[in-house]
Amino acid sequence: MRFFIDNLEVLFPYPRIYPEQYDYMCDLKRTLDMDGGKAVLEMPSGTGKTVTLLSLIVAYIQQNPAKRKLIYCSRTMSEIEKALAELKALMKYRKQELGYEEEFRGLGLTSRKNLCLNSSVKREKSGAIVDARCRALTAGFVKEKKERGEDVDLCIYHENLDPLEPDNLIPNGIWTLDDLLQYGEQHKQCPYFTARRMMPFCNVIIYSYHYLLDPKIAERVSKDFPKDCIVVFDEAHNIDNVCIESLSIDITEDSLRRATRGANNLERRIEEMKSTDAEKLQNEYQKLVEGLREAEEAREEDAFIANPVLPDDLLSEAVPGNIRRAEHFVSFLKRFIEYLKTRMKVLHVISETPVSFLAHLRELTFIERKPLRFCAERLTSLIRTLELTSIEDLHPLQEVATFATLVATYDKGFVLILEPFETDTATVPNPIFHFACLDAAIAIKPVFDRFGSVIITSGTISPLDMYPRMLDFNALVQESYPMTLARKSFLPLIVTRGSDQGTLSSSFQIRNDPSVVRNYGDLLVEFCRLTPDGVVVFFPSYLYMESIVSMWQGMGILDSIWKHKLILVETPDAQETALALEAFRSACNNGRGAVLLSVARGKVSEGIDFDHNYGRTVICIGVPFQYTESRILKARLEFLRETYRIRENDFLSFDAMRHAAQCLGRVLRGKDDYGVMVLADRRFQKKRAQLPKWINQALLDSETNLSVDQAVSQAKHFLKNMAKPFPPEFQYGISTWSLEDLKAYQAKLEEEEIRMLEGEVGPEAVGPNRVVDEFDDIDEEALMALDP
Amino acid sequence: MSRTALHNDVPERIHPEDGDEECPICHSKRYLRRDMRFLINPECYHRMCESCIDRIFSHGPAPCPVAGCGKTLRRHRFRAPTFQDLQLEREVDIRKRVSQVFNKQEDDFDTLLDYNNYLNDVEDITHNLIHNIEVDAMEQRLREYEAANRQAITENSKRSNQGMRDEKRRLASEKEQARLRQQSAASEAQAYKAERDAARRNVISQLATGRGDADTIARRGQTVLKKSKALREQYERRPEPVDTGFQVKGLKKTVKAGPVNPYDPFDGLTAKHEYGIVHDNYRWQPLEQAKKDRRIMAGGYDIDEYCSRMLTDLYVGFGVFVGEDEDVATAGAGMAAMTDTVMTDVS
């Protein structure tokens, strides 16, 4: 389907388009037109967000002579692959429509582990080891050694890249990860480095958030992108946590021990090198006298160790004199590690700011702030000089160095927390030193500063204004789209009372009351009885799930569930969960039906889709609040209050609701899908406004304060209606538009605009409201037609 | 500045790793005596238990009992080690000593390169001292430098002490500020809640008494609630409180610029009397006459104007500031003396 938005011709690879997709495109285009535009867009899950994004942006790129680059970031591997596949289909469609193949390259990037072809390296299971072994075979100096005639191994796949044209390692087109692997195998060239090296010449790059947000990786992978790139963060509802995690470091006693070992190894190597090749060390020393940047020269793709983000002026500054010499630096590191070890001995909880940490450090060990800041860079340089290939054992040392740099660079937005005991009741200390980032804006700031257009989008990103506040940016466009439906295909319910009118709540005071637990049990039994196929249940935490399930066992509730459904449980172990999911799927497919008990912040709630028969009902038992006793969370809440003026309760409730919305979104993965969404807690009633617009809009006032039996009767009625066949034609013109519908809509809009300019009609005549009205009348008609 | 850690001053719970520590002298173990303390002497850094130290050194200096050491130790120099690694303990002691002597700061140097070279040299000396390389030569250098730069050293140490005190004060004030902010936020939240509850109770009680229309009462209650909600939103938009305790860190010390002079339309020209002081009235006959003279007392003029003009006429070429250069004036610079006499005569 080809159509115009203003004067931009969009080629959309499907014959029909959803109204919200069109609106989304319009807003997207508006954002792109404004230089430096940032947007937060929420579009219901299962309405083809990815393809909408891609088709508009590709059209935009191709029409504009500037040829801006698209950086599309997603969260998981499967999402990246899906996006690549969509892009490939889109380009195929464009070729078919336009009649010629465009000059357009798109690549996906993932870790070495997923893209390696070298038979000996590929076997390794851990990603870190694959990285290390790969570096040992591909680093620049290894090659130099080979040229000097030394006996070292090189990776043949990597070597084969060198004779190729550097800007044409792979033909024009879109390459999914599988395509890349296949092409690499055929031409015996390394897919990982092909992708890495081709990145500057690509029009579209699809990879994980971390390549852009984690400053340690971003510095190397994403440094050379031009300023006018279009950056898209998809599935971005958790983006603040990704930012925070990328700058937080946990140090344990074990990692310190290994860091000491690493430092000793370094020392030994320095001694060796002094006796054999003192010139090299002297060269490094000379370079460091001049400045760090010169010493680094171009940070190449084979750089050994990642560096946390540093201000540019610091990088061009010379390394402080007291860590210039290799042996001085190693003793400096050792001193720092010993200091940390001493700190670990303390047996009570400590929470302090980086400033007070530095003051204490200086008092005890005479380590100044400035050399500490250079720690990570200096270590990188040293390791390169020493030409170390096996750097697995240096990993903890690198972590300590990164920690040193971060703690000395940032005064604000970080906190150091030492927890000597794992739990409050433990007697054997197992100290962990958390260096926790509290400010999500720090990691994402470089992205906002550098790139003109940044689009943050997800299925559930309400309330929209929270993100600009937390991430500290101004959103030019903030939009949440409703879902247009030809029939009401999902039924959100808020259940607040049991059949006995007792309160349903997971709040701490009453969560273990037998009556509350029984009411929850009744709710589950009832829904298991009436729902066909799959039911998914989300609990706020593993702990609560365990206690409630064991109480249900005692009450005989599990037995009655058992009559209707197979019971499967998510555990923290990924493999066990994968097994449970497989069993769940096969039980749903063969008609036995199953119920999956899972946790709102677990793996299931984030990445697994329960489309069609896999999820007909989702029940959210209790509001999924975070564990508020966590010290890191407390520190973060305080920070948010002090810096961004976000109240503790506001943030906690926002965070709980975004997870709840994420759980609810699991069952509805498209317009032909249907399902019941049950929010079972009294407290949901007040938090209703924080749900995404598309859920909230379908939630009638009469359905927000139900008891279990009322909810059951509503759901029964709903499911009965849904079970009737619903041919796609009923959706035409309402929730899916053909080209004519679209043109009619555009014409209508134009007319409205003209009339508005003439001052006859207020602006509110246009807008999302239209959808709701239409669907109410036509829904009835369509359904009546079905009735015999 | 105490070397005991700021934070770990709670020794009651003993780290289990230390449980099997053994005194090398009496071979008693921490396992049996929980309150055992191990001390070291910065002379040789051998660790031994407190009771052994009491036993051996209570009668004055004695050789270290560790086999092969034999250094003479004094009891008052024993102290608890800060670090588990005694090598580091020694290193830190050396560093402390070196840093007391080499205490220059970045501002003392013209270029960063010089400073870095200085740091490098200092680190070389420290490193050699720590690893016992050419100790004598290094000690010699240390002593020479100290002797040569005694004055600068004391100045610098004074400065850095001052800096550290400032830092501490700032930290404390920042903490206090944070606490106050937290308190105010908590009390605000509480006040909001109380207000809301009171409004609700009020509506209920009004409804219960049964006077007035139920709808209007409920509506009025709603508006009260809304008002408090608006208050709450106002909080979010409220500008950042001004932190009085805030100081910018990491700035270079700058020379304090003097206050900018106000604009002077006469470009420095003043109507001040530089050469004498005009008194309010002079007892002098011609002046009485002048007071009657219409040429002098014409409109816009007065007698003071006349006097000052007369005096200016008189002294204008002298270039002597009577008010400021009292010494010069009295020390017999002829003209000035004459001025004085004239002045006395006049008054």
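**Figure 1. Salt bridge between Glu419(A) and Arg631(A) in the predicted model.** Glu419(A) pairs with Arg631(A), and their closest N and O atoms are 2.8 Å apart. The rule finds one salt bridge across the interface of domain 1 of chain A and domain 2 of chain A. One residue pair in polar contact, with both residues at pLDDT 80 or more, is also found across this interface. On the side of domain 1 of chain A that touches domain 2 of chain A, two elements give two or more residues: strand 11 (414–419) and strand 12 (432–437) of chain A. Strand 11 of chain A gives the most to that side, with three residues. By class, this side of domain 1 has five nonpolar, two polar and one charged residues.

**Figure 2. The two domains of chain A and the area buried between them.** Chain A is divided into domain 1, residues 247–438, and domain 2, residues 490–728. Eight residues from domain 1 of chain A and five residues from domain 2 of chain A take part in the contact. The centres of the two domains, taken over C-alpha atoms, are separated by 45 Å. Between them, about 680 Å² is buried, and carbon and sulfur atoms give 72% of this area. Val349(A), Ile417(A) and Leu438(A) supply 58% of the area that domain 1 of chain A buries against domain 2 of chain A, more than any other three residues.

**Figure 3. Span of chain A annotated in UniProt as "domain: Helicase ATP-binding".** The annotation comes from an unreviewed UniProt entry and lists residues 7–285 of chain A. In the model, this span is 56% helix and 12% strand. The end C-alpha atoms of residues 7–285 of chain A lie 59 Å apart.

**Figure 4. Span of chain B annotated in UniProt as "domain: RING-type".** The UniProt entry, which is unreviewed, gives residues 23–66 of chain B for this annotation. Over these residues the chain is 18% helix and 14% strand. The end C-alpha atoms of residues 23–66 of chain B are 11 Å apart.

**Figure 5. Cis peptide bond between Ser462(A) and Pro463(A).** Omega of the bond that joins Ser462(A) and Pro463(A) is about -10°. Pro463(A) is placed in the loop between strand 13 (453–458) and helix 23 (466–471) of chain A. Most peptide bonds are trans.

**Figure 6. Positive phi at Lys67(A).** Lys67(A) is a residue other than glycine, and its phi is near 50°. Most residues other than glycine have a negative phi. The loop that holds Lys67(A) runs between helix 2 (49–63) and strand 4 (70–74) of chain A.

Notes
Residues are numbered from 1 along each chain as its sequence is written. Chains are lettered from A and ligands numbered from 1 in the order in which they are written. This is a predicted model: local features need pLDDT of at least 70, side-chain atom pairs count only at pLDDT 80 or more; totals for chains, interfaces and linings use all residues. Side-chain values use heavy atoms; hydrogens and water are left out. Domain bounds come from an automatic or database domain assignment. Contact means heavy atoms within 4.5 Å. Buried area is the accessible area (1.4 Å probe) that two parts lose on being put together, summed over both. A salt bridge is a side-chain nitrogen of Lys or Arg within 4 Å of a carboxyl oxygen of Asp or Glu. A polar contact is a pair of N or O atoms within 3.5 Å; within protein, one must be able to donate a hydrogen and the other to accept it, and residues adjacent in sequence count only if both atoms are side-chain atoms. Helices (H or I, at least four residues) and strands (E, at least two) are DSSP runs, numbered from the N terminus. Ala, Val, Leu, Ile, Met, Phe, Trp, Tyr, Cys and Pro count as nonpolar, Asp, Glu, Lys and Arg as charged, and the others, Gly among them, as polar. UniProt positions are given in the numbering used here, feature names are shortened, and annotations may be inferred rather than shown by experiment.
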